[in-house]
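The structure is shown first.

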Amino acid sequence: MSDLVLCSANEFIAKSNEIIKPPIEYGYQSISAIFGRNEKIEREKGSEPLANALQLASAICSMRLNPSSINNPFTAIASYNDLKESWRSTIPDDLTDEQLNFVADVYIEMTDPMVKARFADLLWLCVSPRKIEYAKTAIENYMLLSIDPITWQPDIGHCWERCIQLTRQTNNNQEIQSIESILKIAFKKGYSDSPFMNLWLAEIIGRNHLLRNELTEIAEELYGHGINFLNSSNYGQARDYFDVAEEFFRAQREDDKWLNCLLSSALCFVLEGDSKVTNNIQGQMAANHNYENALQAYRKVPKAKRSSYAVDEKISSLRDKIIETGQSLLDEIPVFRLPGVDITDIVKASIEHVSDKQDLSRALLYFTGFPSPIYQDLRSQAIENLQQYFLSSLFGNIHYSGNGRVTAKTPALGLDYKTDEENEPAIFNKVIQDFQLNMQFMVQGSIVPALNQILMDFRVTKDYLIQLCKHSPLVPEGREYLLASALWSGFEHDFRNSIHLLAPQVEDLIRTRLKSNGVHTTTIDRDGIENENGLSTLLKHEHAENILGEDLLFELKAVFTESIGGNLRNSVAHGLLDDQSSSANASVYAWWMILRLVVRSLFKFETTESKE
């Protein structure tokens, strides 16, 4: 913040104590708004120094409190970034020495404990060398804040956690004991008007490692609250209490008790799922989601304890419910059909591209010359689409297989997402989804029409393809017949058999390629047995991109291993492809992609030899 002329300390103190009075509905944001409104009033009167001081106070109280951070407890409440400009609200580093000196002159006379605690805490954080009286004042005033469900959110709970942190930071053990006593008394109270107040207090106690000798007693009370909510069919609230109670029982090594909490939480998911089952999409989806969560909870039960609680039987029953609701969900989902796209010109151009070639080799060279994906171009386009149609990034997506299984979940990005490492998985998923659409156009507009033209002009024999594979430096020795058979099936329009032959050969091809570049492609288990890694693991290897190239690596993932992509390797390995899905666009594209690699590798090899 820039230096502006400020009023006297006494003038600001009098004004602040006059306008900041309880009740304060929305914590520091309400206080900041009060300071802001009065700043405008004083500025309209021409009282610029007082207005400047009120503006400073408003900025200080606008900061969001992050009690988990020792060095950065106050952060900007708002920020804005785009390609042209960026902006954010005030943070402590924006304050000048003159402004901090002003805060030091006025803080001790503030009558509102929230304002006084904020000012003192800010001085403790920013002024060097540190003065212990700033921390003590902040602690004393934080402890004056009432523990009440009406005012607990949004800031009072954070203020108490910040108070705990300051007492520990200043080694104030006496105040820690006082805080423990206050929180214990507050936890013992009944809060009929707030189902979560006891839970919030327990979470603060747990996060800050307080009342360690009384965690079992606290956990038992939490479990009791959870049972009450369960009996009244408030399943979400019951789970919240069971989860915290489980954490406390675990910390105290109360094995049977934490296991009861886990089983009770799983039961809540089951019962909530049962209550959601209806004949509409929302009900089936909610039920399916709850059953899935229940399954994950039961899986956490140690194997030694499962028979005592009939967990395996419960898991079996849940699997049936997940399949049933998943299939019902697909039956209820409406099919949205986009207007047809005229690809006549693309088909015509593709046919002309491979027509009138003097021999099969040249025709295949042209056939495999259709553009392959460039990852960075796809990624840039995906980011541009996300920015243009931002509503699609606000929510995550759930992807279902044809039999109702949940196969993948795409996270949401939110309004203020950035193209950083944290959001990269969501952006990558968007690229995969866009590629699937491009692949559909590629198969129907180019690959299939051009293939039909080649078959009209030439006879493609298996022997020819075997020779092609034998001469290709890409095809591992001893795999020529298998790979040629997979390719030949494609020329027979038998993509069902082609993909079942092709997928395992692609895995070996990639494995051989990585091995030849010094990459270890196996894993040794605890018994000393060496196992070959699957294609998904191979493509995730740190050197895979350097060896295969960024574009080919993406293409292989999108077609063979990504759950929201073709996922052909896993679908083939686990027998998940049926007569229809095995001949879908992904199988056709996979066939063409590998044919492209074989043909182009031979062409490059011959070109290199001719130069030599």
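The largest cavity has a volume of about 40 Å³. The model is predicted, and a search of the whole structure finds two cavities of 30 Å³ or more. Lining the largest cavity are K184, F187, K188, L211, E214, E217, I218 and E221. By class, this lining holds three nonpolar, no polar and five charged residues. Two helices, α8 and α10, each supply at least two residues of that lining.

| Helix | Residues | Note |
|---|---|---|
| α8 | 173-188 | at least two residues in the lining of the largest cavity |
| α10 | 215-231 | at least two residues in the lining of the largest cavity |
| α20 | 462-471 | buried residues L465, I466, L468 and C469 |
| α27 | 585-611 | contains R596 |

In helix α20, the buried residues are L465, I466, L468 and C469. Viewed down the axis of α20, these buried residues fall within an arc of 160°, so they line one face of the helix. An α-helix has 3.6 residues a turn, so residues three or four places apart point the same way. On the other side of α20, D463 and K470 are exposed.

Leaving out residues up to four places away in sequence, R596 touches T368, S372, L552, E555, Y589 and S601.

How values were computed:
Residues are numbered from 1 along each chain as its sequence is written. This is a predicted model: local features need pLDDT of at least 70, side-chain atom pairs count only at pLDDT 80 or more; totals for chains, interfaces and linings use all residues. Side-chain values use heavy atoms; hydrogens and water are left out. Helices (H or I, at least four residues) and strands (E, at least two) are DSSP runs, numbered from the N terminus. Contact means heavy atoms within 4.5 Å. Buried means under 20% relative accessible area, exposed over 50%, partly exposed in between (1.4 Å probe, protein chains only). The arc is that of the directions from the helix axis to the C-beta atoms. On a 1 Å grid over the protein atoms alone, a cavity is a set of points where a 1.4 Å probe fits but cannot get out, and a pocket is an open set with protein on both sides within 12 Å along at least five of seven lines; lining residues have an atom within 4 Å of a point. Grid points are joined across faces, edges and corners, and a volume is the space filled by probe spheres set on the points. Ala, Val, Leu, Ile, Met, Phe, Trp, Tyr, Cys and Pro count as nonpolar, Asp, Glu, Lys and Arg as charged, and the others, Gly among them, as polar.
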